[in-house]
Amino acid sequence: MAAITLESVGKTYAGGVTAVHAIDLAIADGEFLVLVGPSGCGKSTLLRMIAGLETISSGAVKIGNRVVNQVEPAERDIAMVFQNYALYPHMSVRENLAYGLKNRGVPKDEIARRVAEAAKILEIGGFLDRKPRALSGGQRQRVAMGRAIVREPAAFLFDEPLSNLDAKLRVQMRGEIKQLQARLGTTSIYVTHDQLEAMTLAHRLVVLNGGRIEQVGTPLEVYRKPASTFVAAFIGSPAMNLLQAEVSGGRVRLGGASLPAPGAADGKVTLGLRPEDLQRTRPGAEGALLMNVAYVEELGAQRLVHGTVGGQSVVCAQPVESDLGDTLTLTADPAAVHLFDAASGKRLG
Amino acid sequence: MVENRRFLNLLAHLVLILGVAFVAFPVYIALIASTHGQNDFLSGLIPLLPGHDTIRNYSAMMTQGLASSGAPPLWLMLGNSLIMALSISIGKIAISIISAFAIVYFRFPGRMIAFWLIFVTLMLPVEVRILPTYKVVAELGMLNTYAGLTVPLIASATATFLFRQVFLTIPEELMEAARIDGAGPMKFFWDILLPLSRTNIAALFVILFIYGWNQYLWPLLVTTGTDHYTIVLGIKRMADIADQQPEWNFIMATVVLAMVPPVLVVIFMQRLFVKGLIETEK
């Protein structure tokens, strides 16, 4: 087990395209860090640079205290779980697990011991002698993790390991990965484009956009205080409403409506309101937002009301039993009001 | 399927039987002819029922050959053909799988040029380059040797191309997983690429074995002594004699024996062969 440190790590491809811009990041020993972002944000490239599958154009990657820029993947003491599992199709599950150890010259009885142990942890003991093609998606996923576990590496690297599973299995495996990591305490870096996966798994998550870090923080920090409109829109489901508004006199104004915004400087802003933070209030309340309802999505636990406020589209979450008219009168807590610079999208205050 | 009607069933069987008869009849004729004595053919009618000279014909061909047309005993020619077919198929597979490995998995200067050069030679069949090749082989003193028979036929663009396509279907993550598992390039080749290409190798082996076994033009050029005659060459020589009736019983015995090894190869490798041609999942 080890800490991993990235010191202004960058990746520029031969064609001159920069996929990752000088990223600084310190991952503590035993931490579960999730890299999240839309496709093309450089998260996989970053992971592959840590794994040693991509060369590092600038900066340094340290695993423990060792700079590993020039070290072969096998000698970096990491294990990786791939999106398509990358199990060796012609080898049995047992051989798949043992292959890396065999190449390292681990003695036979030690290999057998570790394989048995990993099989017990992951409950794959029943099909150690089967070929990967005879396994279901979830079982293959376990075997892929088993291959990482038997190595007893300094760090696990996960590259979107759950993307190939169906929704139900994904939730189940997500829970298992979380428990497994907590139990083994191995430093883990996990790449995903699914914000829900990121929120549920991470000790800390790193939101990437265009090869740069937008925000680093615990899931709750990122959810409660998104550093930019990008993070605000990316984390949380349904996404945060982002509205063009103006601040004057300590209130953020949106057409005729206004919400308290203590301490904000006057000027144009982007107002962020989470759907779940919008509450109904009595009609005619001072400064309330008037929402024209367009349509309603029933989710069972709640309903999502889609509509417009002052011509800008807004989603708000309402209890299922609520009776809705054509217009809703909405307000929000001052603490739930997020303000972002209208030009740069950076968080204000 | 279409409806299961009696008439259609009959028709389907009739067509199939005709097809089989059409293909199998010449083989049957050859088989029957090899069981008759020399005189049974003089009438000009080909017998359709087995004769009584089977053992005599075959043992004569195996032990003595057909001296009148300069053909050595069959076991020698069968041996030569076997050596040639095996060398060509094993050599081609070995060389082309290594070339494909280099082209697909290594980044080196001139990689694409190398690939295209190999690819371009696909357009040149043996017959086109046969004269320069003959000259090279002759000047290297390889006439009438096994090396001369096989080496020029070993280089193969087709097989290289085939293995390249096979390797391209193997997911890149497999190579990356192997790298993380501590397998170097050669270990990756032995432990992962070779086993994964097993069925393709088998399919290619069958095709190449038959290709090598059926070679005629090249052995005709580079062999002058009977020591290195191949069986296909021998058949041609026996049938092609001047001023004399071809001895069909002996020729057909040779033909039947010449068919046996390719048939055995196909039978024994059929399962792998079919898998290699249809399998897509890696």
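Start by selecting A:Glu110, A:Arg113, A:Arg114, A:Glu117 and A:Glu152, which are linked in a network of salt bridges. The model on your screen is a predicted one, and in chain A the mean pLDDT is 91, with 100% of the residues reaching 70 or more. If you colour chain A by confidence, the lowest mean, 85, falls in strand 13 (residues 257-260), while the highest, 96, belongs to strand 3 (residues 32-36).

Stay with A:Glu152 for a moment, and find it in the loop between helix 4 (137-149) and strand 7 (155-159) of chain A. The phi angle of A:Glu152 is near 50 degrees, a positive value in a residue other than glycine, and most residues other than glycine have a negative phi. A:Glu152 counts as partly exposed because its relative accessibility is 46%, which lies between the limits of 20% and 50%.

Now select A:Arg151, which sits in the loop between helix 4 and strand 7 of chain A, together with B:Asp181, placed in the loop between helix 8 (172-180) and helix 9 (185-196) of chain B. These two residues form a salt bridge that crosses between the chains, and the closest N and O atoms of A:Arg151 and B:Asp181 are 3.7 Å apart. Both ends are buried, with a relative accessibility of 3% for B:Asp181 and 8% for A:Arg151.

From here, bring up the whole interface, where 24 residues of chain A are in contact with 19 residues of chain B. Within chain A, highlight A:Tyr88, A:His90 and A:Tyr99, which lose the most area to chain B and together make up 26% of what that side buries. Chain A and chain B bury about 1800 Å² between them, 57% of it on carbon and sulfur atoms.

Which residue of chain B pairs with A:Arg48 in a salt bridge? Select B:Glu176, and you will find its closest contact with A:Arg48 at 2.7 Å between N and O atoms.

A:Glu54 lies in the loop between helix 1 (43-51) and strand 4 (58-63) and A:Lys11 in strand 1 (residues 4-12), so the pair ties together parts of chain A that are 43 residues apart in sequence. Both A:Glu54 and A:Lys11 are buried.

For a contrast in setting, go to helix 5 of chain B, where B:Glu139 and B:Lys135 are 4 residues apart and therefore separated by about one helical turn. The salt bridge between B:Glu139 and B:Lys135 has its closest N and O atoms 2.7 Å apart, and B:Glu139 is exposed, at 61% relative accessibility.

Two backbone stops remain. B:Asn144, in the loop between helix 5 (130-139) and helix 6 (146-154) of chain B, has a phi near 55 degrees, a positive value in a residue other than glycine. In chain A, zoom in on A:Ser237 and A:Pro238, which are joined by a cis peptide bond with omega about 0 degrees; A:Pro238 is found in the loop between helix 8 (229-234) and strand 11 (241-248) of chain A.

Definitions and conventions
Residues numbered from 1 in each chain as written. Chains lettered and ligands numbered in written order. Predicted model: local features only at pLDDT ≥ 70, side-chain atom pairs only at ≥ 80, totals over all residues. Heavy atoms only, no water. Contact = heavy atoms within 4.5 Å. Buried area = accessible area lost by both parts, 1.4 Å probe. Salt bridge = Lys/Arg side-chain N within 4 Å of Asp/Glu carboxyl O. pLDDT = per-residue confidence, 0-100. Buried < 20%, exposed > 50% of the residue type's maximum accessible area, 1.4 Å probe, protein only.
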